[in-house]
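Subject: Structure handover and notes

Dear colleague,

I am passing on the structure we discussed, and it is shown just below. My notes on what was found in it follow, grouped by topic.

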Amino acid sequence: MSSTTLPAAPPEAAPAPRATRTITAARLLPWFLLAPSLAVLAVVTGYPLVRMLWLSVHEYERAQLLGVPAPFVGVDNYVATLTDGRFWTVTARSFAFMLVCVALTITVGTLVALLLMKLGRVMRLVLSVGLLLAWAMPPLAAMLVWGWIFDTQYGVVNHLLTGLTGDSWMGHSWLISPLSFFAVAALVIVWGAIPFVAFTLYAGFTQIPGEVLEAAQLDGASARQRFFDVQVPYVRTIYVVLIVLSMIWDLKVFTQIFVLQGIGGVKSETSTLGVYIYEMGMAQGHYGAASAIAVIFTIIMLAISAYYVRATVKEEQL
Amino acid sequence: MSLAPAGALPSSAAVTAAGARAAVPVARRRPARRRAAAFGWGVLAAFLAAAFAFPVYWMIRTSLLPTNLVSGPELHLWPDELTLRNYDTAMFHQERAPFVPALSSSLQVTFLVLVASMVLAFFASLAVTRFRFRGRRAFVLSILVIQMVPGEAMMISVFQLVDSWQLLNTVIALGVVYLAGVLPFTIWTLRGFVNGVPVELEEAAMIDGCSRPRAFWKVTFPLLAPGLVATGVFAFLQAWNEFMMALIIMTRPESMTLPVWLRTFQQATKSTDWGALMAGSVLVAIPVVVFFLIVQGRMTGGLVSGAVKG
């Protein structure tokens, strides 16, 4: 009988007589559990989200911030955004940058995870500590250190290159040219992301039973076949999660680009979508336009992760 | 992509070595080759470890160098003259923003977010995994989608909200903003863990006479430890490291958090005191590194089981 009071059981399966109160309680319980989270999310995330949608269809500039009524403009902000060449340049740049970063992160992260598998205990500890130090660095502190490493006057990179090549690299600015700006940004982002990917994949690889790989080997599978046909499928869900997360993070990247621009990048040539939204909104006061860009950006994100979202929805139907 | 097979190929040596017992014919030649391969991988690992840790080394080195050597023409890869003066400068002589109040702000906000997010996410993950109710899927879907909205677009609304409550420069306001930021991910992660614990375990305990809450507390909760660790680490990192929202909400020097404090070292009008800045960076990084060294193993293990079971 105890199973009938299980709230996990569908309500209609509960027997009639004395169950009415239990059912009501069971119906309300999940909402009690959700209430605190819902309250926080509704106020601090839900309200700004609704407001973002509202702003995106209104003309909202600095003046409106001071109390001037905001006129409704319909899809004007969206049309203005989609017909603005700068938006497409920034979008294309963000995607190209994201693709390079994700590809590098996943590839090198996989290689490091495979390396961790093959090391003895001592060297594995050494490499783990190295990765851990990179991972644990607070992003802002890390950015400041990297800025110092690539410093125009006294940066260690310029010092080393001068020493190695004999030419004088002192005074060479790495951030002024967009291409080398993004090379530095990618280096910093990939450096910070690889430890997470490598540790997670390593943990995943270690869960593969040794007999499976041994069996594959006895069947004559080459290392490459074993990797792609056994190891990768085994940790497929981890790969999906890592790739989706990396794509979202790298497309939304803000702090790294923002700080590097502060050190010496040209804003108009190095902004990614996150920084562009910030520039439009917080810095220049075009809140309506910035909101429209953010809405478009979110739709793009959803389109990218549609596979992941769909898989989740399907799983939730069970 | 072409890198992957190239790296995977040499890895065959060690994997083959592991199964050497089975492959008898070639077993005799193996030990020497295996040792050479192990040595090669060891060297590569040492090189990689050094490469990843280099910025950390460079930060510590710079923080310990006397000011005249930091910005000198010489490189000093291995400094022979060290001082703690930069730490003294960073901690006690930051005129625009003092260190101790910033540390206090950061500690309070982080503690608040850590505890609140774990409790709230725990309750919420229970609700969405152990109960079937109308609106459940909508909730799960919306916490997934929220994570894709760029936060920069909501900054102004959040600022106006906090301003309208007259809570600017307060730990509680920043804490709640961070809490809303981490909850979608923490609920999502914990959900995977709770799903991973079979309901049958609880049911068995209930047949043995436990009430449902008691069964959950005694049976399922202990199995969620790695999930709670993963959740806690994420909340800790977000609250300790976040910069932009803190910059907007905590504007007064005495209520700044550490990342905002760190930012005050670089001023447009003055040349940067790199030694003090690096000392400040070390101070901000130390708690995170210590925290990581303690929980790292549990955390990645936890993330994996969450991902696999989720």
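To begin with the overall picture of chain B, 70% of its contacts between residues at least 6 apart in sequence join residues at least 24 apart. Please keep in mind that this is a predicted model. Chain B has 15 helices and zero strands, and buried residues make up 52% of its 310 residues.

Aromatic rings come next. Over all chains, a search of the whole structure finds 33 aromatic pairs.

A second pair, Phe99(B) with Trp261(B), is tilted, with 5.0 Å from centre to centre and 55° between the planes. Since Phe99(B) lies in helix α6 (residues 99-130) of chain B and Trp261(B) in helix α14 (residues 258-263) of chain B, the pair ties together parts that are 162 residues apart in sequence. Phe99(B) is buried at a relative accessible area of 7%, and Trp261(B) is buried at 0%.

The pair between the chains also belongs to a cluster, in which ring pairs link Trp135(A) and Phe292(B) with Phe196(A), Phe199(A) and Trp249(A). Two arginines in chain B lie over tryptophan faces: Arg61(B) is over the face of Trp58(B), at 3.8 Å from the ring centre, while Arg191(B) is over the face of Trp188(B), at 4.5 Å from the ring centre.

Turning to helix packing in chain A, the axes of helix α4 (residues 85-118) and helix α15 (residues 287-304) of that chain come within 13 Å and cross at roughly 35°, and the crossing of α4(A) and α15(A) is right-handed. On the side of α4(A), the residues in contact are Phe87(A), Thr91(A) and Phe95(A), and they meet Ile293(A), Ile296(A), Ile300(A) and Ile304(A) of α15(A). Divided by class, this contact of α4(A) with α15(A) has six nonpolar residues, one polar residue and no charged residues.

Helix α6 (residues 139-149) and helix α12 (residues 255-264) of chain A also pack together, at an angle of about 35° and with their axes 10 Å apart; α6(A) passes α12(A) in a right-handed crossing. From α6(A), the contact is made by Leu140(A), Met143(A), Leu144(A) and Gly147(A), and from α12(A) by Thr255(A), Gln256(A), Val259(A), Leu260(A) and Ile263(A). The residues of this contact of α6(A) with α12(A) divide into six nonpolar, three polar and no charged.

Just after α7(A), Gly166(A) takes a positive phi of about 85°.

Key. Residues numbered from 1 in each chain as written. Chains lettered and ligands numbered in written order. Predicted model: local features only at pLDDT ≥ 70, side-chain atom pairs only at ≥ 80, totals over all residues. Heavy atoms only, no water. Phe/Tyr/Trp six-rings, centres within 6.5 Å; stacked < 30°, edge-to-face > 60°. Helix = DSSP H or I, 4+ residues; strand = E, 2+ residues; numbered from the N terminus. Buried < 20%, exposed > 50% of the residue type's maximum accessible area, 1.4 Å probe, protein only. Lys NZ or Arg CZ within 6 Å of the ring centre and 35° of its normal. Axes fitted to C-alpha atoms, helices over the stretch in contact; angles between N-to-C directions. Left-handed = near helix turned anticlockwise from the far one by under 90°. Contact = heavy atoms within 4.5 Å. Nonpolar A, V, L, I, M, F, W, Y, C, P; charged D, E, K, R; others polar.
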